[in-house]
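Hello,

Here is the structure I promised to pass on. Please take a look, then read the notes below.

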Amino acid sequence: MADVGGFILPHLERLKLEETECDGTACYRISAHHPYGDLYKVDISCDDLLIRRVNEPDSDGVASDEIRREIRVDEPIDEQDFQFRPMT
């Protein structure tokens, strides 16, 4: 989206797929380079195809590593979680 900025997935180059592990969960790791050279990595669980880890460069060039833990599947979600809350 032009209003948001960034890039689209087809712009990524030198894609690589490998098997890895994230917090004891077997995952597929997809690594790719942005046309400007930055390396992005995403770990996706082999069993449920949920994103477990995202590693990407911050604006200062240092890699940010977001690990998603305590993933719950097929549990009820409180309606309050879906209510819009404007930023203050």
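Six is the count to start with: a search of the whole structure finds 6 salt bridges. A salt bridge here is a side-chain nitrogen of Lys or Arg within 4 Å of a carboxyl oxygen of Asp or Glu.

Some ground rules. This is a predicted model, where local features need pLDDT of at least 70, side-chain atom pairs count only at pLDDT 80 or more, and totals for chains, interfaces and linings use all residues. Residues are numbered from 1 along each chain as its sequence is written, and side-chain values use heavy atoms, with hydrogens and water left out.

- Arg69 pairs with Asp23, with the closest N and O atoms 2.7 Å apart. This pair links distant parts of the chain, 46 residues apart. Arg69 is in the segment after strand 5 (63–67), and Asp23 is in the loop between strand 1 (13–22) and strand 2. Strands are DSSP runs of E, at least two residues long, numbered from the N terminus. Arg69 counts as exposed, at 54% relative accessibility. The classes are buried (under 20% relative accessible area), exposed (over 50%) and partly exposed (in between), with a 1.4 Å probe and protein chains only.
- Arg29 pairs with Asp43, and again the closest N and O atoms are 2.7 Å apart. Arg29 is in strand 2 and Asp43 in strand 3, 14 residues apart. Arg29 is buried, at 16% relative accessible area. Asp43 is buried too, at 1%.
- Glu66 and Arg68 meet through their side chains at 2.8 Å, N to O. Glu66 is partly exposed at 38%. Arg68 is partly exposed at 34%.

Now the pocket. A pocket is an open set of points on a 1 Å grid over the protein atoms alone, where a 1.4 Å probe fits, with protein on both sides within 12 Å along at least five of seven lines; lining residues have an atom within 4 Å of a point.

Which residues are closest to the centre of the largest pocket? Of the 14 lining residues, they are Phe7, Leu9, Leu12, Tyr40 and Val42. Strand 2 (25–33), strand 3 (39–45) and strand 4 (51–57) each give two or more residues to the lining. Strand 3 gives the most, with 4. The lining divides into 10 nonpolar, 2 polar and 2 charged residues. Nonpolar covers Ala, Val, Leu, Ile, Met, Phe, Trp, Tyr, Cys and Pro; charged covers Asp, Glu, Lys and Arg; the others, Gly among them, are polar.

Best wishes
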